[in-house]
Amino acid sequence: MKFILAAVGAVATSLLNLTIAPLLRIGAAQPDFVLIGAVVWTVAIGIEGGLAWAFIGGLMIDLLSPRPLGSTAFTLLLCVGGALLLARLTLRLRLLIPVVAVVLFSVVNALLFLVVYGALRGPIPAADPLSTVLPAAAYNGIVAAIVGPVAVAVMSRRENRERLDW
């Protein structure tokens, strides 16, 4: 059931990325709903659903926009793996980790995508990539600050309910 929810979430957020996210643009920053969903799912629920979310969402974005097939999925899969490592290293800060992971891996994802896209199609002309990456990472962090702690709290409440009391 978790894989089906992750797949549906990935398709929905990839469609939101391509349709509504440009309308939510503030300056040069716009939210990356697929990245936010994949990282929050990985930190709050588990790696399997996060990998499914990243792969399906990345392929949907690549198919529906003029990008090399698999480039977005590749960068998202690397970010999900990094988010899992970050979550495993810091178990005590469970409510804060989704926000930190989304901000950190927003920067990593954008820079990795520039490298992958540059290797496949040619360099993207940009004066300073960090001037566009950092505002988007802050925007993604704000969205993750709303979604992330709620997902972690729901999952920890569900885990507590399923335990047997001895």
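Trainee: How many aromatic pairs does a search of the whole structure find?

Mentor: The search finds two aromatic pairs, where rings of Phe, Tyr and Trp (its six-membered ring) pair if their centres lie within 6.5 Å. This is a predicted model, in which local features need pLDDT of at least 70 and side-chain atom pairs count only at pLDDT 80 or more, whereas totals for chains, interfaces and linings use all residues. Residues are numbered from 1 along each chain as its sequence is written, and side-chain values use heavy atoms, with hydrogens and water left out.

Trainee: What makes the pair of tryptophan 41 and tryptophan 53 tilted?

Mentor: The centres are 5.6 Å apart with 45° between the planes, and planes under 30 degrees apart count as stacked, over 60 as edge-to-face and the rest as tilted, so this pair is tilted. Tryptophan 41 belongs to helix 2 and tryptophan 53 to helix 3, 12 residues apart.

Trainee: Why is tryptophan 41 called buried?

Mentor: Its relative accessibility is 12%, and buried means under 20% relative accessible area, exposed over 50% and partly exposed in between (1.4 Å probe, protein chains only). Tryptophan 53, at 9%, is therefore buried as well.

Trainee: What describes the pair of phenylalanine 113 and tyrosine 117?

Mentor: This pair is also tilted, at 5.7 Å centre to centre and 35° between the planes. Phenylalanine 113 has a relative accessible area of 14% and is therefore buried, and tyrosine 117 counts as buried at 19%.

Technical notes:
Helices (H or I, at least four residues) and strands (E, at least two) are DSSP runs, numbered from the N terminus.
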